[in-house]
Amino acid sequence: MASLEVSGVTVAFGGHRALDGVAMTAEEGHVTGLIGPNGAGKSTLFDVVSGLRRPSAGRVSLGGRDVTGLGPSRRARRGLARTFQRLELFGRLSVRDNLRVAAELGPERRKADAAVTGLIERLGLGAVADDHVDTLPTGLARLVEVGRALAVRPTLLLLDEPAAGQDADETERFAALLRSVASDGTAVVLVEHDMGLVMSVCDRVHVLDLGKIIAAGTPEEIRRDELVLAAYLGDA
Ligand SMILES: Nc1ncnc2c1ncn2[C@@H]1O[C@H](COP(=O)(O)OP(=O)(O)OP(=O)(O)O)[C@@H](O)[C@H]1O
Ligand SMILES: [Mg+2]
């Protein structure tokens with residue numbers, strides 16, 4: 001059973017269809033890529049999946065249960081966590097405290113300190129653990145946002161351009177982190193413009209263009225797909 005199943009999702013802003021009959025799935029234990037040009041609708045689809053935006057048509061189910069009518073907090077309680085393209089961290093709190101706030105909401109709240117220490121280690125944030133988040137370069141701040149999402153032990157994790165601002169070494173470490181999160185049994189959905197990262201880490205990739213899924217398949221299939229080359233990868 002798919003952790004996430006989206007079908008027929010349509011969202012219109014005025015007369016413009018940002019999403020038009022979108023279907024996609026994500027499986028536990030896998031990293032699923034969601035790519036496409038700027039304005040394709042990737043972040044809007046995350047808003048629909050996480051319950052921040054109601055689609056005018058279509059359904060979303062998590063773990064086989066239809067959640068289309070549920071709000072964001074009830075979806076979070078069913079194991080969904082996400083990061084935002086525009087970060088939503090507490091800038092005046094330290095890295096550690098940002099993670100603690102999230103851990104205290106999750107299933108490990110009674111052991112929040114130990115969970116936070118483990119996350120800082122896993123994310124490689126030890127050197128900046130006591131720094132205010134608003135003093136960090138964006139690459140590191142994005143990692144804190146990923147850490148906050150991981151702190152609630154999600155079964156479905158939506159990541160919106162988490163590697164933007166990372167250098168090559170950081171991206172390589174991040175790829176290993178994503179594989180390890182997936183191997184813990186989480187379904188990871190990755191929106192990302194870094195095609196090296198997407199193609200190396202994803203099991204399957206969905207391609208959105210102008211609000212429609214134009215292709216879905218393995219990274220090798222996507223790289224060779226004529227429609228994808230024309231819409232996106234040809235000039236990437
Ligand atoms: N709140 C909104 N009101 C009106 N139009 C919107 C709104 N949010 C998004 N859009 C439009 O919907 C379309 C999809 O936007 P979206 O942010 O989902 O794209 P994206 O694939 O995430 O792009 P990017 O790669 O630049 O982040 C765009 O045309 C955008 O201008
Ligand atoms: Mg976006």
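Which element supplies the largest share of the shell around ligand 1? In this predicted model, the answer is H1, with 3 residues. Helix H1 spans 42-50 and strand S2 spans 16-26. Each of these two elements supplies at least two residues of the shell.

The shell itself holds 15 residues. Asn38, Gly39, Lys42, Thr44 and Gln85 are the closest to ligand 1. By class, 8 residues of the shell are polar, 4 are nonpolar and 3 are charged.

Oxygen atoms of ligand 1 take part in several pairings with the protein. An N or O atom in the side chain of Thr44 lies 2.5 Å from an oxygen atom of the ligand. For Asn38, a polar side-chain atom is 2.9 Å from a ligand oxygen atom. Ser43 contributes through its backbone: a polar backbone atom of Ser43 is 2.9 Å from an oxygen atom of ligand 1. Taken alone, ligand 1 exposes 640 Å². The protein buries 63% of that area.

The packing of helix H3 was examined next. Two packed helices are described by the angle between their axes and the distance between the axes. Helix H3 covers residues 95-103, and helix H4 covers residues 112-123. Their axes come within 9 Å and cross at roughly 130°.

The crossing of H3 and H5 is right-handed.

How values were computed. Residues are numbered from 1 along each chain as its sequence is written. Chains are lettered from A and ligands numbered from 1 in the order in which they are written. This is a predicted model: local features need pLDDT of at least 70, side-chain atom pairs count only at pLDDT 80 or more; totals for chains, interfaces and linings use all residues. Side-chain values use heavy atoms; hydrogens and water are left out. A residue is near a molecule or strand if one of its heavy atoms lies within 4 Å of it. A polar contact is a pair of N or O atoms within 3.5 Å; within protein, one must be able to donate a hydrogen and the other to accept it, and residues adjacent in sequence count only if both atoms are side-chain atoms. Accessible areas come from the Shrake-Rupley method with a 1.4 Å probe; for residues, only the protein chains shown count as cover. Helices (H or I, at least four residues) and strands (E, at least two) are DSSP runs, numbered from the N terminus. Ala, Val, Leu, Ile, Met, Phe, Trp, Tyr, Cys and Pro count as nonpolar, Asp, Glu, Lys and Arg as charged, and the others, Gly among them, as polar. Axes are lines fitted to C-alpha atoms, for helices over the stretch in contact, and angles run from 0 to 180 degrees between N-to-C directions. A crossing is left-handed if the near helix is turned anticlockwise from the far one by less than a right angle, and right-handed if clockwise.
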